[in-house]
Amino acid sequence: MPKRPSQRKSEDSLTIHCNGAPIRGFAGESLAAALFAADQQVVSRSLKYHRPRGLFCMDGHCGGCLMRVDGVPNIRICMEPCREGARLETQNAFPSAERDLLGAVDFVFAKGMNHHTLMTGSKFLNRVTQKIVRHLSGLGNLPDAVATTDLPSQEREVEVLVLGGGGAGLAAATASAKAGATTLLIDEGLLLGGSLRSDPRYADSIQDRVQQAADAGVEILSRSCAIAHIPEEDNTTVVITPERLVRLRATATVHATGSYAQNALFENNDRPGVIAMRAAGRLLLDYGIRPADSLCMVGKSDAAEALAATLREAGCDVMHIDHDSEQLVSARGTKGVRAALIRRDGKTREHACELIVIATTPSPASELARQQAAEVVFDGQAGGFAVRTDERGQCGEGVFACGDVCGYMGPLRAIEHGALVGQAAAAYAREVAR
Ligand code: FES
C-alpha cells in the first residue's frame, strides 16, 4: 500500500472527489499523487480493449492518467495541482474505470479485434455495430460548459529562449543570463527541476539552481508549454501559459526538453502499478509518499541504484533486477500488480510485489527541436532519436540543444552541457545584435 508520512501537517490537507467519493489530498501535490496515495490506481481505461490504465510517468507524457476534471475531459492529472473540491471522474468506462463492463472486450477478443471487419458480413449487423462503435469511441465526452474566456495574447522578443526547466535548462539559462543575454526560460512542470526532482542524489540541489537562475536575471514562465514553432512567421515560438498565449521571437532558442521515461517490453506492461522510476522518485521525494510496501525495480543504472537505496531507507522492500541476466516476463494482477514473473537461466519464478518500477534508459524528447528543423539520429544506447549538434550545441541557425534531448547523458553531464550551450547561445545572440 502507498503510505504518507504520519507527521504530514493536517492544515495543508484538502478534499477532492473521485467519482463522488471524497479523497484526501494536500496543497502542493498533484491530483495524481493524491489518488495514488489513496491507493486508487485505476484512473482510466484504454480506448479499444478497455484495459485498466493508471499513471506511469507522473511527468505529463504517457497519457495514462487522463481524467475528466471539473467537467473538462482528458486532463493529465499528474500535471494538475490539488485544489479543494476538485471533481475527478473516470472516462472511457461504464459505470467506472474500476468496474468497467466494457472491459469484457478484452476477454472476448483476447487474441485481438479487427474492428475494420467486425460484423461486416451482414448489412444489418454492420449498421448496428457502426452505431455502437461510434457511441463508444472518442476520448471522453464533451466538456460540461463551452469555454467562455479567450486567452489574451502577447507578442514578445527575447535574446535567448530556453525550453525546459530541468538541470540542463536551468544551467543553460543561468549561463546565458550571466553572459549578458536577456533570457527567458519556459517550463511546463508543476515545479521546476525536471527529472532532478525524482533523483535522490540531486533533488536537494534544485532550490539553489533555481535561485542561481533568478539571481542571474533569468525570467521564468512556469506551468507554460511551447506548443508550436512557426518558421514562416519570423521564427515565432508559440507558448501557452496559464494566463495567456505568448508569441515569442527569440534570437537563439535552446532546446533543453530532456527525456521521457520509457516502458520495458513484457506481458501486461500496461497494468496500473507498472510505473516509471521517475514516477516512483517523484512520489517519494516530491510528495513524501512511499509508493508501496514492496516493489520490483527493473533496469540497472546509477540513478536506479540511488533510488532503490532511498526507497529501502523509507521502509520499502525492493527487489532489483537488471533485465539482462534476469528478465521480467510478465506482470501478474488485473487492476494492479500483485507479482512479477521473472526468468533467470531458463527458470521462471514469481515474486510477490505491489509495484513494478521501470528504470530503462529514457528517450530524448526531441519533437520540438525537430519542428525547428534540428536533425535527429537514432541512438539506441542514448534512448532513441537524439538531436545532433555541433560542439557548441548548435543544431540550426539560432537553434541550440543541450542535455538529454541530445541523447540520454544523466544529470551531471546534462547540467555541464547546459552551461556550455547556454554560453554559446548568448554569444550567438550578441553576435547577431552587432
Ligand atoms: S501523463 Fe500523467 S502519468 Fe503520464
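Buried means under 20% relative accessible area, exposed means over 50%, and partly exposed is in between (1.4 Å probe, protein chains only). This is a predicted model, where local features need pLDDT of at least 70, side-chain atom pairs count only at pLDDT 80 or more, and totals for chains, interfaces and linings use all residues. Residues are numbered from 1 along each chain as its sequence is written, and side-chain values use heavy atoms, with hydrogens and water left out.

**Exercise 1.** Work out how many aromatic pairs there are, and what geometry the pair F378 and F385 has.

*Solution.* Start with the rule: rings of Phe, Tyr and Trp (its six-membered ring) pair if their centres lie within 6.5 Å, and planes under 30 degrees apart count as stacked, over 60 as edge-to-face and the rest as tilted. By this rule the count comes to two aromatic pairs. Next, take F378 and F385: their ring centres are 5.1 Å apart and their planes sit at 65°, so this pair is edge-to-face. Now check the surroundings. F378 has a relative accessible area of 57%, so F378 is exposed. F385 has 42%, so F385 is partly exposed.

**Exercise 2.** Now try F400 and Y428: find the geometry of the pair and where its two members sit.

*Solution.* The centres of F400 and Y428 are 5.8 Å apart with 70° between the planes, which is edge-to-face again. For the locations, helices (H or I, at least four residues) and strands (E, at least two) are DSSP runs, numbered from the N terminus. F400 belongs to strand β26 (residues 399-401) and Y428 to helix α9 (residues 411-433), so the pair links distant parts of the chain, 28 residues apart. Finally, the cover: F400 is buried at 0% relative accessible area, and Y428 counts as buried too, at 14%.

**Exercise 3.** Decide whether helix α6 (residues 277-286) is largely enclosed or open, and say what covers it.

*Solution.* First, count: eight of the ten residues of α6 are buried, so the helix is largely enclosed by the rest of the structure. Those buried residues include M277, R278 and L284. Then look for the cover, using contact, which means heavy atoms within 4.5 Å. Among the elements covering the buried residues of α6 are α1 (31-37), β15 (274-276) and α7 (302-313). Last, step past the helix: α6 is followed by G288, with a positive phi near 65°.

**Exercise 4.** Zoom out and describe the whole protein.

*Solution.* Count the elements: there are nine helices and 26 strands. Then look at burial: 50% of the 434 residues count as buried. To finish, the C-alpha trace spans about 70 × 55 × 50 Å along its principal axes.
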